[in-house]
Amino acid sequence: MDRNRASARLTVLLRHLGCRSAGTIIAHHTSGVGSLASFHPQQFQYTRENNVLSLEQRKFYEENGFLVIKNLVSDADIQRFRNEFQRICRKEVKPLGLSVMRDVTITKSEYVPSEKVVSKVQDFQEDEELFRYCTLPEILKYVECFTGPNIMAMHTMLINKPPDSGKKTSRHPLHQDLHYFPFRPSNSIVCAWTAMEHIDRNNGCLVVLPGTHKGPLQPHDYPQWEGGVNIMFHGIQDYDKNNARVHLVMEKGDTVFFHPLLIHGSGRNKSQGFRKAISCHFADANCHYIDVEGTSQENIEKEVVDIVRKKHGFKDVTLKDVWTFRGRVVKGERINL
């Protein structure tokens, strides 16, 4: 291992995350890490030239697969998203297509309409208030750096990570988001994930494995966790344990943009409060659908299609149909997706 290069990489990561020391991250460096100084403009694969990102920011994303933008979303917008989430939890509004999820440890007998039993809402494309997040100019300005000018909002979530019950079910296993997506190319997809409050290791911040966006899509399945696993929380079954790990400590309004092949997850919420974040996966409207039959994504296709068929009574629905319904153009033209 080249310790000098590893040290230099850690310094860059800490500077980007605004950390004063290595105490806020856990990192185990691997060999073969490229130097940021070695980049040339023609080597950029994951970012596009539009004069929004600085050269240093582009290099950072190219090398690491994620980029944190501080204080991007206003307190006022975050409060509006919080208010709308509470209305959904109280069943005052029921947007078409919305999925309301609860932690696996909460039984049906305990279910009463409140945010204390809802761990996540997703597919809020028909909720005008929450979907505003996907159209915020400050978000789209950065999204375009990764997708180009024709932008589709493909997958929406507001995560309300509950205090862990002691069974560690509030964890999210390490995974790659591309596992869930039947469209390509992966380099034209990006997630925007915004902290709705202070988030650190105590309440279950994101953990990322820098540089793993350069690798292939790995097979995913449910982890064999003793306390149970939440629905669709697939994880990578085999990954390099020596990869660096960075815990993203974020303040309210901070937003991380990351590549769909970046390996990431989150720890359990050891606090007494609920940890909230709102996110959307965006894609270039020129992306195309693929057939996942016979691939490592076949298991998630079966699970998603089965759920949709049971929930809505559709018999001939396909995974492409599901994503076509979810997708919304937020800038430019709708082309393929």
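Predicted model: local features only at pLDDT ≥ 70, side-chain atom pairs only at ≥ 80, totals over all residues.
Let's start with the whole chain. Its secondary structure comes to 7 helices and 16 strands. Of the 337 residues in the protein chain, 55% are buried. The accessible surface is about 15,400 Å², and carbon and sulfur atoms account for 49% of that area. The contacts tell you something about how the chain is put together: taking those between residues at least 6 apart in sequence, 82% join residues at least 24 apart.

Now look inside. In soluble globular proteins, nonpolar side chains tend to be buried together. Here, the largest nonpolar core has 59 residues, and those with the most contacts inside it are Tyr-133, Ile-139, Trp-193, Phe-257 and Phe-282. The element that gives the most to this core is helix H5, residues 137–147, with 6 residues. Setting aside neighbours within four places in sequence, Ile-139 is in contact with Leu-72, Val-73, Tyr-133, Ala-192, Thr-194, Thr-255, Phe-257 and Phe-282. There is also a second, separate core of 22 residues, with Phe-181, Leu-261, Ala-283 and Val-322 among them.

Arg-82 is found in helix H3, which covers residues 75–89. Is Arg-82 buried or exposed? Arg-82 counts as buried, because its relative accessibility is 18% and the cut-off for buried is under 20%. Not counting residues up to four places away in sequence, Arg-82 touches Met-196, Glu-197 and Lys-276.

That brings us back to the opening question. The largest pocket holds about 600 Å³ of space. It is lined by 22 residues, and the closest to its centre are Ser-99, Ile-307, Val-308, Lys-311 and His-312. The largest share comes from H6, with 5 residues.

Key. Residues numbered from 1 in each chain as written. Heavy atoms only, no water. 1 Å grid on protein atoms, 1.4 Å probe; cavity = no way out; pocket = protein on both sides within 12 Å on 5 of 7 lines; lining within 4 Å. Points joined across faces, edges and corners; volume = space filled by probe spheres on them. Helix = DSSP H or I, 4+ residues; strand = E, 2+ residues; numbered from the N terminus. Buried < 20%, exposed > 50% of the residue type's maximum accessible area, 1.4 Å probe, protein only. Contact = heavy atoms within 4.5 Å. Areas by Shrake-Rupley, 256 points an atom, 1.4 Å probe, with all protein chains shown as cover. Core = buried A, V, L, I, M, F, W, Y, C linked by side-chain atoms within 4.5 Å.
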